[in-house]
Amino acid sequence: MVTFWFIAITVLWMGFFILEGFDFGVGMLHDAVGADEPGRRAAINTIGPLWDGNEVWLIVAAAAIFAAFPGWYATWFSGFYLALVLLLAALIVRGVAFEYRGKRGAARWRRTWDALLTVGSLLAPLLLGVALGDLLHGLPINASHEYTGSFWTLLQPYGVFTGITFVAICLLHGATFLSLKTTGDMRQRARRLGQRIAPVTGVLVLAFVSWTHAIAGKGALLNPVEFGAVLAAFAAIWLVYTRSEGWAFAATTVTIAACVLAIFTDLYPRVMVSSTSPAFSLTVHNTASGRYSLTVMTVVVVIFLPFVLAYQAWSYYIFRRRVSRHEFLARSAHDDPARAGAAVPPQPGASDPSQPGTTRSRSG
């Protein structure tokens, strides 16, 4: 049961970064790909029905840690308290930006929320990457499993580099997603951005995997997960340049999943490494809940998870079509003050998170 729940939590983190990763990428790139107001609306609409459902994976991952490994949850979340406040602020600002940018027609109002959307979408993967990297690198934890450092102690070089790598992968993931979901000039801009981001991302992933392997100290050769992350990253570079949009998106999906998996694979059976003494490290065994709790959780997951996955898959299928800038062009030219920033009524399979009163699908 203990090993099963460590695997389950790993899968939840992978699922979060796969799904929310391209959301973060679109948030960071929506201004550059959109170029003007109709384009920015179109870019935001590519994730309009999906982004809030994708964030549920983060909540479930945190809840699973709380229920399955309360000792891990207590040490990690108390030690990262200020960092978590910053993360929540970034996610809140990002979510509010989706809803509020269309409440007024003033250009300055919209540009302010666009900037906040970009910043929030960048800070979230950066902070989460730092948090995951610190688990493996090690933090000052005493014999009572209490974090004894400060906020600045969290900014370990490896953790910060992990955050930067995750930001780069999210950018590439978002660029490939936008090239799949947009048309015309927006599609071309997304492709060009992807081609610029891809080589940098490949180098960062290679350095991240090498550093991760060195910290783990598990032999001279890369393990299959680490090797797969590097292979997927360089496959993404090649596919971006050959304009194989679907395969490029699949490659970035594997890349970000493999990078998350590499951290947890090298971490097991530990869940937090103590830099004070290896004997003080938290493991799956000294932080786990009782067998009865884990059994009940397993039954709940087996029953309800298939329904959640099926519903989310259905949501992606319904909102699968491409979004065009031209859908928002006419309304942008005739915005009235009361509904400035609202998009044209969505076509089947589309919704606009910046339009007041728009009904959006909430997967999850």
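Entry 1, the network. In this predicted model, I found a network of salt bridges linking Asp31, Glu37, Arg40, Arg41, Arg101, Arg110, Arg111 and Asp114. I noted a count of 16 salt bridges for the structure.

I looked up its bridge to Arg41 and read 3.0 Å between the closest N and O atoms. Both residues sit in helix H2, which covers residues 37–45, and they are 4 residues apart, about one turn of the helix. I also noted that Glu37 and Arg41 are both buried.

Which side chain does Asp114 meet at 3.3 Å, N to O? I found Arg40, in a salt bridge. This pair links distant parts of the chain, with Asp114 in helix H6 (residues 107–137) and Arg40 in helix H2, 74 residues apart. Asp114 is buried at 1% relative accessible area, and Arg40 is buried at 9%.

Asp114 also forms a salt bridge with Arg111, where the closest N and O atoms are 3.6 Å apart. Here both partners lie in helix H6, 3 residues apart, about one turn of the helix. Arg111 is partly exposed, with a relative accessible area of 36%.

How many disulfides does the structure hold? I found 0. I checked Cys170 and saw that the closest cysteine sulfur, in Cys259, is 10 Å away, so the two are too far apart for a bond. Cys259 is likewise in no disulfide. I recorded a relative accessible area of 0% for Cys170, which is buried, and 0% for Cys259, also buried.

Terms used: Residues numbered from 1 in each chain as written. Predicted model: local features only at pLDDT ≥ 70, side-chain atom pairs only at ≥ 80, totals over all residues. Heavy atoms only, no water. Disulfide = S-S within 2.5 Å. Buried < 20%, exposed > 50% of the residue type's maximum accessible area, 1.4 Å probe, protein only. Salt bridge = Lys/Arg side-chain N within 4 Å of Asp/Glu carboxyl O. Helix = DSSP H or I, 4+ residues; strand = E, 2+ residues; numbered from the N terminus.
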